[in-house]
Every structure is written in C-alpha cells, then in structure tokens.
Amino acid sequence: MNILANDGIHPAGQAALEAAGHKLWTQFIEPQNLENFINENAIEGVLVRSATKVRQPLIDACPNLRFIIRGGVGMDNIDVAYARENGKEVRNTPAASSQSVAELVMGHLFSISRSLHDSNRRMPVEGVEQFKALKKTYGKGRELRGMTLAIVGFGRIGQSLAEYALGCGMHVIGVDQKSGVKNIEVTVGGQSVQVEVPIMTLAEALPLADAISLHIPAQSNGQAVIGSMEMSKMKHGVILLNAARGGVVDEDALLEALDSGQISGAGVDVFVGEPKPRQDIMRHAAISLSPHIGAATGEAQERIGLEIASIVAEIGSK
C-alpha cells in the first residue's frame with residue numbers, strides 16, 4: 001500500500017512497513033497541499049501524530065483513502081466518527097506512550113515541589129551574586145511522599161502515572177464518572193504488589209488532592225474541564241498538571257489561581273494556540289513548562305512505530 005507518514009515515524013516502524021512491501025512517504029506535507037498529494041500518489045493510508053488534522057473536507061476529497069492511524073492516544077485532530085461512517089478505518093496506539101507521559105508528569109511534579117523549574121531559570125543569571133537569597137527562596141520545598149495525587153482520567157496513562165506515584169509513597173485517587181476501586185500493580189525490584197486505588201468523581205476528589213493531573217481528551221464543546229469554579233474547590237496550594245490537551249484547563253483561570261496562591265504551581269505540557277502559546281503562560285514563575293513532549297521519548301516512538309506497522313498489517317489482511 002501507499003502510505004503517508006505526515007508527522008514522521010520512528011525508523012523501526014518505517015523499516016517494518018517497508019519490509020512488508022509498503023511504499024512510505026515521510027516528508028511533511030503542508031495542509032493546503034495534503035489533498036493533492038494524497039490523490040496524486042494514490043495514498044491509501046495516512047499516519048499522523050498531533051500536528052496533522054484530518055477533517056471532513058479532506059476525507060471527502062480523498063475517496064481512495066482507506067485508513068488513518070494516530071500515533072499516540074488522543075484523536076481530536078481527526079473527524080473520527082465521520083471517517084468511520086464513510087468506511088475509513090481509524091486507529092490509534094493508546095498503550096505505546098503511556099509510560100513516557102507518566103514519567104514526564106512525574107518530572108514536572110518533582111520540579112514544582114522543589115522549585116527546580118524556577119531556580120534553573122534564575123541561577124544562571126543571579127546565582128553568583130544572590131546565592132544566599134536564592135537558597136532562602138527555594139529552601140521551602142515539599143516532599144511527594146505522603147501527598148495525595150488525584151488522576152483525572154484513569155485509563156492507560158493515568159494508571160501508569162499511578163504506579164509511579166505509588167512507588168514514591170504518594171496516596172492516589174483515580175477520577176472517573178463512577179466511584180469504586182481499581183487494583184494497580186506496582187513493580188519494585190522485580191516484585192509486584194497489588195494496590196487498591198479509590199475511584200471518585202471529580203467533585204469528590206478536588207478538595208482532597210494535594211496534586212491533580214489531567215489525562216482526558218479535549219471536550220467536544222471546546223470548554224475547559226478545569227475552570228475557576230473547579231479551582232476554587234481545590235485545596236489551597238494545590239499543584240495542577242496538564243499533559244493531556246490544551247484547553248482542558250482554562251488558562252485565564254489558571255493564571256488567576258497561581259497569582260492568588262490557590263494553585264502553588266502548575267506543570268504544563270500542552271497549550272491553547274499551539275504552536276504559539278501565550279507569553280504570560282510562558283513567563284510565569286510558578287509554571288513548569290515543556291513543549292508538548294509527553295510521548296516524545298525514543299522508546300515510546302519506537303513502540304508507536306512498531307504498533308503502527310502491526311495495525312497496517314492487520315488492515316491489509318482484511
């Protein structure tokens with residue numbers, strides 16, 4: 001089959017696809033040229049990550065397109081229901097990047113709890129002359145052990161994060177629409193233990209959590225899940241982490257909550273208006289920042305590439 005990996009693919013995935021006899025294009029085609037490229041090259045499958053959007057007009061304009069595969073979890077950049085209604089197969093790779101996203105969230109959590117994100121900005125500029133003052137400023141850190149982490153969206157990524165947090169001695173609450181209990185397997189030193197994690201609704205979890213991490217898709221109505229009302233119900237000084245989607249958190253409300261101290265720090269990997277996030281978010285001293293790199297590890301990209309090749313083989317066999 002002719003396949004376009006418009007947002008790239010790991011060499012392992014590329015090698016697997018080409019070894020199976022598929023012709024693969026890996027260059028990025030600009031959105032305005034995508035329709036012509038797909039039709040002129042008889043492309044049957046498009047592989048995307050988060051940059052390329054596959055909307056109804058493109059689907060309508062490319063009748064020979066058989067499948068769309070999202071390398072990663074969220075598929076809000078694809079008109080999934082419409083594509084499926086029109087006979088296109090739409091798939092993703094939800095398991096491949098779970099560990100990478102979870103580790104990034106833990107990195108932000110460690111960074112915020114010890115103010116590493118801000119001290120790393122100021123030490124190169126002020127460290128020589130203001131060492132004692134900076135030591136006093138950043139000498140009031142918090143330990144993660146004993147803190148309660150609420151994980152909003154308790155799927156594969158949320159459960160991977162829970163395993164890391166439990167291993168650090170944190171208490172974990174899973175957040176879903178229905179309350180209950182979920183068993184999480186934590187592996188330490190080659191030994192596995194089962195830990196019961198309580199599952200609560202968002203309203204139940206907000207006032208209990210010392211830190212809150214979001215792992216939910218963007219809402220179809222475009223509204224934030226966490227806005228000023230939800231923030232007002234959180235513990236004072238809570239840490240908020242978003243490695244899900246830009247817009248899940250109301251950025252105006254976040255800035256207000258950070259300035260008031262209601263939220264003591266935020267770890268943000270995703271932004272409204274990517275790839276041009278707003279400057280006041282970029283420059284806020286209480287925000288630990290990364291440029292949408294949750295799944296961007298070599299290991300995760302290799303797993304994604306190989307899983308894509310496996311999905312293509314499955315589709316080709318039908």
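Helix 5 (residues 98-113) packs with helix 8 (residues 156-167) at an angle of about 50 degrees, and their axes lie 8 Å apart. Because of that angle, helix 5 is oblique to helix 8. Please keep in mind that this is a predicted model.

**Helix 5 and helix 8**
- The crossing of these two helices, helix 5 and helix 8, is right-handed.
- On the helix 5 side, the contact is made by Ser98, Gln99, Val101, Ala102, Glu103, Val105 and Met106.
- Their partners in helix 8 are Arg156, Ile157, Ser160, Leu161, Tyr164 and Ala165.

**The largest nonpolar core**
- The largest nonpolar core holds 31 residues, and Ile212, Met231, Leu240 and Leu254 have the most contacts inside it.
- At least two residues of this core come from each of strand 6 (148-152), strand 7 (171-175), strand 10 (211-214), strand 11 (238-242), helix 11 (251-260) and strand 12 (263-268).
- Helix 11 gives the largest share of this core, with 5 residues.

**A closer look at Ile212**
- Setting aside neighbours within four places in sequence, Ile212 is in contact with Leu149, Ala150, Val152, Leu206 and Met234, among others.
- Val238, Ile239, Leu240 and Leu241 are also among the contacts of Ile212.

**A second core**
- A separate, second core has 26 residues, including Ala102, Val105, Leu161 and Val197.
- Among these, Ala102 and Val105 in helix 5 and Leu161 in helix 8 also take part in the helix contact described above.

Technical notes:
Residues are numbered from 1 along each chain as its sequence is written. This is a predicted model: local features need pLDDT of at least 70, side-chain atom pairs count only at pLDDT 80 or more; totals for chains, interfaces and linings use all residues. Side-chain values use heavy atoms; hydrogens and water are left out. Axes are lines fitted to C-alpha atoms, for helices over the stretch in contact, and angles run from 0 to 180 degrees between N-to-C directions. Helices (H or I, at least four residues) and strands (E, at least two) are DSSP runs, numbered from the N terminus. Angles under 35 degrees count as roughly parallel, over 145 as roughly antiparallel, 65 to 115 as roughly perpendicular and the rest as oblique. A crossing is left-handed if the near helix is turned anticlockwise from the far one by less than a right angle, and right-handed if clockwise. Contact means heavy atoms within 4.5 Å. A nonpolar core is a set of buried Ala, Val, Leu, Ile, Met, Phe, Trp, Tyr and Cys residues joined through side-chain atoms within 4.5 Å. Buried means under 20% relative accessible area, exposed over 50%, partly exposed in between (1.4 Å probe, protein chains only).
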